Amino acid sequence: MRKLIGIAFLAFCGVSFSEQAPKIEFYERPCIKPYTDYTFQTCNPFVVRVNDEHVIIPRNFITDLASIPRPLWSLMAPDNAAVIEPSILHDFLYRCPNSLSRKAVDNIFYAALRKNKNPWYSSMVMYYAVRVFGSSHFSEGHYCAVQLELDEQAEITRKYFNNKE
């Protein structure tokens, strides 16, 4: 009964975007490998388009995917395929928000979850979880310049920036 009331509350509240919902494009699935305990490391740079900007998540970026408490993994696993890309993107933008606000990053996370066909109810639960519990992890005002190897730069340029309209 509590679960039903919680889901009804989240559905009633919805996710409010003050502007149009972010447009997300994942170009390909990220390569990740185990790092330590329950963290993972990207094997290659991971490129995501958010609206008209490209976010380049560097090789060797450390992520815990979704920070879901272990007792809840049977209900919502952090390694669910629909959650991996949005979680890596969210972790990166929380560490390197550049000029983005925390609310904007959380809205990007929600839009990315929905883009990956994550169910609306679990997308909302994850969205509200980061809104309520995420503030201590957000690096406000932090700017990052992604450093890439020359071969990585060439590959990203060839794959994502050449022959675009």
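Read along the sequence, the protein follows the pattern α-β-β-β-β-β-β-α-α-α-α, which comes to 5 helices and 6 strands, where helices (H or I, at least four residues) and strands (E, at least two) are DSSP runs numbered from the N terminus. The model is a predicted one, in which local features need pLDDT of at least 70 and side-chain atom pairs count only at pLDDT 80 or more, while totals for chains, interfaces and linings use all residues. Residues are numbered from 1 along each chain as its sequence is written, and side-chain values use heavy atoms, with hydrogens and water left out. Of the 165 residues of the protein, 41% count as buried, buried being under 20% relative accessible area, exposed over 50% and partly exposed in between (1.4 Å probe, protein chains only). Among contacts (heavy atoms within 4.5 Å) between residues at least 6 apart in sequence, 63% join residues at least 24 apart.

An open sheet is formed by 3 strands in the order 1-4-5, with antiparallel pairing; two strands are taken to pair if DSSP finds at least two bridges between them. Strand 1 and strand 5 (53–57) stand at the edges, each with a single partner strand, so one side of each is left without a neighbour in the sheet. The twist averages 25° from one strand to the next. Helix 2 packs on this sheet, touching strand 1, strand 4 and strand 5, and its direction makes about 90° with that of strand 5, where axes are lines fitted to C-alpha atoms, for helices over the stretch in contact, and angles run from 0 to 180 degrees between N-to-C directions.

Within the sheet, strand 1 and strand 4 run antiparallel and are joined by 3 bridges, and the bridge partner of Glu-25 in strand 4 is Arg-49. Strand 4 and strand 5 also pair in the antiparallel sense, over 5 bridges; Phe-46 stands opposite Ile-57 in strand 5, and Val-47 has Ile-56 of strand 5 as its bridge partner. These two strands form a hairpin with 2 residues between them, and Asn-51 in the turn has a positive phi of about 55°. Of the 5 residues of strand 4, 4 are buried, so this strand is largely enclosed by the rest of the structure.

The model contains 2 disulfides, a disulfide being a pair of cysteine sulfur atoms within 2.5 Å. With the bonded cysteines numbered in sequence order, the pairing is 1-2, 3-4. A disulfide joins Cys-31 to Cys-43, with an S to S distance of 2.3 Å. This pair links distant parts of the chain, 12 residues apart, with Cys-31 in the loop between strand 1 (24–26) and strand 2 (32–34) and Cys-43 in the loop between strand 3 (40–42) and strand 4 (46–50). The torsion about the S-S bond of Cys-31 and Cys-43 is about -65°, so the disulfide is left-handed. Cys-31 is partly exposed at a relative accessible area of 33%, whereas Cys-43, at 18%, counts as buried.

The sulfur atoms of Cys-96 and Cys-144 lie 2.0 Å apart in a disulfide. Cys-96 lies in the loop between helix 2 (81–95) and helix 3 (102–115) and Cys-144 in the loop between helix 4 (120–133) and helix 5 (150–161), so the pair ties together parts that are 48 residues apart in sequence. The torsion about the S-S bond of Cys-96 and Cys-144 is about -75°, so this disulfide is left-handed. Cys-96 is buried at 9% relative accessibility, while Cys-144 is partly exposed at 25%.

In helix 4, the residues Ser-122, Ser-123, Met-124, Met-126, Tyr-127 and Val-130 are buried. The 14 residues of this helix should span 20 Å at 1.5 Å a residue, and the end C-alpha atoms are 20 Å apart, which agrees; the expected span is 1.5 Å times one less than the number of residues.

Thr-63 lies in strand 6 (residues 62–63) and, at 1% relative accessibility, counts as buried. The side chain of Thr-63 reaches the backbone nitrogen of Leu-65 at 2.9 Å and makes a polar contact with the side chain of Asp-91 (2.4 Å). A polar contact is a pair of N or O atoms within 3.5 Å; within protein, one must be able to donate a hydrogen and the other to accept it, and residues adjacent in sequence count only if both atoms are side-chain atoms. Leaving aside neighbours within four places in sequence, Thr-63 is in contact with Thr-39, Phe-40, Ser-87, Ile-88, Asp-91 and Arg-95.
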